[in-house]
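Please read the following account alongside the sequence and the three-dimensional view, turning to the chains as they are named.

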Amino acid sequence: MRIELQKRARVSPLFSILSPLLALVLTLLFGAIMFWLLGKNPLSALYIYFVEPLLEIWSLHELAVKAAPLILIAVGLAVCYRSNNWNIGAEGQFTIGAITGSILPVMYPAWHSPMILPLMLILGMIGGALYAGIPALLKTRFNTNEILTSLMLVYIAQLYLDWLVRGPWRDPQGNNFPITKTFQIEAVVPEILSSSGRAHWAFVFAIVAAVALWFMMRFMLKGFEVSVLGQSERAGRFAGFSARRMVWFSMLLSGALAGLAGISEVSGSIGHLQPVISPGYGFTAIIVAFLGRLNPLGIIASGLVLALTYLGGEAAQLSIGISDKVSRVFQGLLLFFVLSCDTLIHYRIRLIFAGAKTAEVKG
Amino acid sequence: MFEAILLTVITASTPLVLAALGELVTERSGVLNLGVEGMMIMGAACAFVAAQLTGSPYIGLLAGILGGGVFSLLFGLLTLTLVANQVATGLALTILGLGLSGQIGEAFVGQPGIKLQPIVFPLLSDIPFFGRVLFAQDLTFYLSVVLVIGINWFLFRSRTGLKLRAIGDNHASAHALGINVIRTRYLAVMFGGACAGLAGAQLSLVYTPQWVENMSAGRGWIALALVVFASWRPWRVLAGGYLFGAVGIGQLHAQILAQNLGIVIPSQFLSALPYAATIVVLIIISHNRRTTLINTPASLGKPFVPDR
């Protein structure tokens, strides 16, 4: 038996919608098998993982807290990937954005002004954009592969943050912990509904960014330019689009959004800088982008789904003693199934059995 | 002193060389597998666990090779059979590998590992200066050298190697000539996975014989850069691997040296050196667009669907 692909004449609209759902179902199925292998009751484990976090208000707030950075980063990455620029260093741009955004509260802890937060967010975006500008510069100027350079820069950014919080930026009154001073209240991203939970304005930024980019991709020339250059650089050149400028545009945009996610996370969720500020948001956002089929509105939904795997992981660790590594396995599986189900959109899959094959050759 | 440094450089370089050699063969067949990091860490986890359970580091080594090879089949299935995007699938492989290996190795965290012992060639290792460096190493080092010679012969002197390169340069023409593109690519991907698995096994059985989560620490990505650096040639992989390994070891010695001299260099800056060096090397290698184009397998990363 073998599998044969037959190109569809048109993209299947049915499978465009079904494929992410199919991927989710398959992931859950494999998840159930994995829980069973670990000696847990699969149904109750899946319930704790994927349903329980949705039943309480405070927990929904946590979902928004975790989804915000994922969506912010992923919508930027979607523009990159659509235009065939493979920025996989969002984790680094997130880190640098968090650092540059924190300059003001760390250096001027006594500055109490409503101006400080907007300035921090802008600085965070600039920092993330500049850091993403390095692979963009190297790609446009030296033809260097952006996948490898952007990834190497992640390690460098993390080491730099580690040095900052253990060295020059360490809080002298912090009992020798490697953390900076806690940000002054004016420098904290405010909560949306502080009476019921922790969700802060980063979630709103994420939704706004997603809708804005959806609008751009759908209705603006720039969005068309992104798609054309991504599908065929040659065709783009005939239309007068510059692939080089697109490298800059997409990398700076995704870097700025990752930087915004970084400073919002540090300011809104953590309150100070510390050696580790992200449970891999920059990498998980890659999955979010693909699960959302590189469509900004789809990414809002997929960001919530992936945020749920983080929450479920924490819940399962507490209540049934499953390690939090299971979340990473879930995330990896999900991306695998998304990618394989996407094949159904462009191809018809046919199973061909040995007997049928000879008949086909004769015919 | 010098000999000791050379020995550590070799130990640090061998995993890079092994993983890069496997990826080189995969890429020569026109497939870009960015999942080296994931296959490597899977190899490391499988090797460590198998060695712990059986007590034999050689069975561990074998388990590492198998672990990497089998894991790479997932990549093959997606990119070759289902023509999924190779870049995205490679990333998926890395993410899944990091998660799965953490799961596999979790029960073994903190256990003392079983070290793969060196095989000493009696007379040769007594040669002054380089005898011990070259002839008193563990099996993985010897394998890395044998693989360089073997792959070089295979790619440039054998008929099958010629076919593999033909597929990598133009899969449509190769298909028209009757070469089985998909099958060859499956084998190339699995070979790459097995090599990455072996590299991972070296990490958890030789380099630091224990299980630590994420212990590959970006080496899979550096191996990918190494293939570009080597412009897809096995001997240059060997040379480049030692260069990268030397940078990694050099920064460790620099940290100790600086400490002894009382100079304060933040350790983080030195730890960042291998990554920074990788970027610099990539710039130097790729800034000449023409030589890059000549060396890169022309079908690299492009999906192939046979038309019938």
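This is a predicted model: local features need pLDDT of at least 70, side-chain atom pairs count only at pLDDT 80 or more; totals for chains, interfaces and linings use all residues.

Residues are numbered from 1 along each chain as its sequence is written, and chains are lettered from A and ligands numbered from 1 in the order in which they are written. Chain B has an average pLDDT of 89, with 99% of its residues scoring at least 70, where pLDDT is the predictor's confidence in each residue, from 0 to 100. For the complex, the predictor gives an ipTM of 0.86 and a pTM of 0.89.

The contact between the chains takes 40 residues from chain A and 42 residues from chain B, two residues being in contact if their C-beta atoms, placed from the backbone, lie within 7 Å. On the side of chain B that touches chain A, the largest share, twelve residues, comes from α4(B); helices here are DSSP runs of H or I with at least four residues, numbered from the N terminus. By class, that side of chain B has 27 nonpolar, 13 polar and two charged residues, with Ala, Val, Leu, Ile, Met, Phe, Trp, Tyr, Cys and Pro counted as nonpolar, Asp, Glu, Lys and Arg as charged, and the others, Gly among them, as polar.

The largest nonpolar core has 213 residues, and those touching the most other members include Ala74(A), Ala289(A), Ala20(B) and Leu226(B). Such a core is a set of buried Ala, Val, Leu, Ile, Met, Phe, Trp, Tyr and Cys residues joined through C-beta atoms within 7 Å, buried meaning that 20 or more other C-beta atoms lie within 10 Å of a residue's own. Helix α3 (residues 57-82) of chain A gives the most to this core, with 16 residues. Leaving aside neighbours within four places in sequence, Ala289(A) is in contact with Ala74(A), Leu77(A), Ala78(A), Tyr81(A), Leu294(A) and Ile299(A).

Within chain B, the axes of α3(B) and helix α9 (residues 181-207) come within 6 Å and cross at roughly 140 degrees, axes being lines fitted to C-alpha atoms over the stretch in contact and angles running from 0 to 180 degrees between N-to-C directions. Their contact has 17 nonpolar, eleven polar and one charged residues. Helix α11 (residues 234-261) and helix α13 (residues 273-286) of chain B pack at an angle of about 150 degrees, with their axes 9 Å apart. Phe244(B), Val247(B), Gly248(B) and Gln251(B) of α11(B) meet Leu273(B), Pro274(B) and Ala277(B) of α13(B) in this contact, whose residues divide into five nonpolar, two polar and no charged.

Key: Helices (H or I, at least four residues) and strands (E, at least two) are DSSP runs, numbered from the N terminus. A residue is buried if 20 or more other C-beta atoms lie within 10 Å of its own, exposed if 12 or fewer, and partly exposed in between; C-beta atoms are placed from the backbone.
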